Amino acid sequence: GRVADGSFLEPLTVGTRDEIGELTHAFNRMAEELREVAAQKEEFFSQIAHELRNPLTAIRASAQLLLRRPADALDAKARQWAGSIDDSVDRLLSLVTRILDLNRLRAGVFPLERQPIELDKVVARTLDVLGAQAEEQGLRLEQTSTGVDFSITADEEGMTQVVLNLVGNAIKF
């Protein structure tokens with residue numbers, strides 16, 4: 001049953017010394033190698049994510065410095081490009097953070113903080129954050145609700161990220 005579920009965490013017990021026993025030993029070796037590859041993959045993504053953070057943060061700081069210059073220091077096109085760079089870096093940093101969070105979650109060192117949250121408020125904040133991006137695409141975001149109680153037990157940061165992803169994808173596509 002564990003094998004059919006894709007669980008290779010514990011070795012299968014070898015009960016015989018025949019071909020079935022040899023097959024079980026081979027399976028256990030393969031499962032151990034798969035666990036090692038999965039751990040190496042997670043470590044690789046974690047290292048890449050950490051390495052990306054520093055240059056992205058530097059690019060973001062440079063773009064924000066340009067945007068803070070007086071209006072006459074940059075023409076409209078240059079200001080638009082700097083804003084686009086800043087937005088793109090924000091999206092990349094968000095992706096890097098999600099990769100790191102996913103690795104921490106898988107490793108069990110990043111437990112979810114479940115608490116009562118108001119889902120309608122999470123949605124409202126998301127629409128505020130993405131409103132300008134929607135307007136750039138000629139779209140308008142609206143929030144409507146049916147019902148009274150939108151209180152749920154969830155990890156607020158994780159739920160916010162889910163709603164941001166859903167609305168962000170809706171705007172893009």
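Reader: Which residues lie nearest the centre of the largest pocket, and how many line it?
Author: Ser94, Arg98, Gln161, Leu164 and Asn165 lie nearest the centre, and 39 residues line the largest pocket. A pocket here is an open set of points on a 1 Å grid over the protein atoms alone, where a 1.4 Å probe fits, with protein on both sides within 12 Å along at least five of seven lines; lining residues have an atom within 4 Å of a point. This is a predicted model, where local features need pLDDT of at least 70 and side-chain atom pairs pLDDT 80 or more, while totals for chains, interfaces and linings use all residues. Residues are numbered from 1 along each chain as its sequence is written, and side-chain values use heavy atoms, without hydrogens and water.

Reader: What volume does the largest pocket have?
Author: About 1,300 Å³, counted as the space filled by probe spheres set on the points.

Reader: Which element gives the largest share of the lining?
Author: Helix 2, with 14 residues. Helices are DSSP runs of H or I, at least four residues, and strands are runs of E, at least two.

Reader: Switching to helix 3 and helix 4: at what angle do they pack?
Author: Helix 3 (residues 119–136) and helix 4 (residues 156–172) pack at about 40°, with axes 9 Å apart. The pair is therefore oblique; angles under 35 degrees count as roughly parallel, over 145 as roughly antiparallel, 65 to 115 as roughly perpendicular and the rest as oblique.

Reader: Is the crossing left-handed or right-handed?
Author: Right-handed, meaning that the near helix is turned clockwise from the far one by less than a right angle.

Terms used. Axes are lines fitted to C-alpha atoms, for helices over the stretch in contact, and angles run from 0 to 180 degrees between N-to-C directions.
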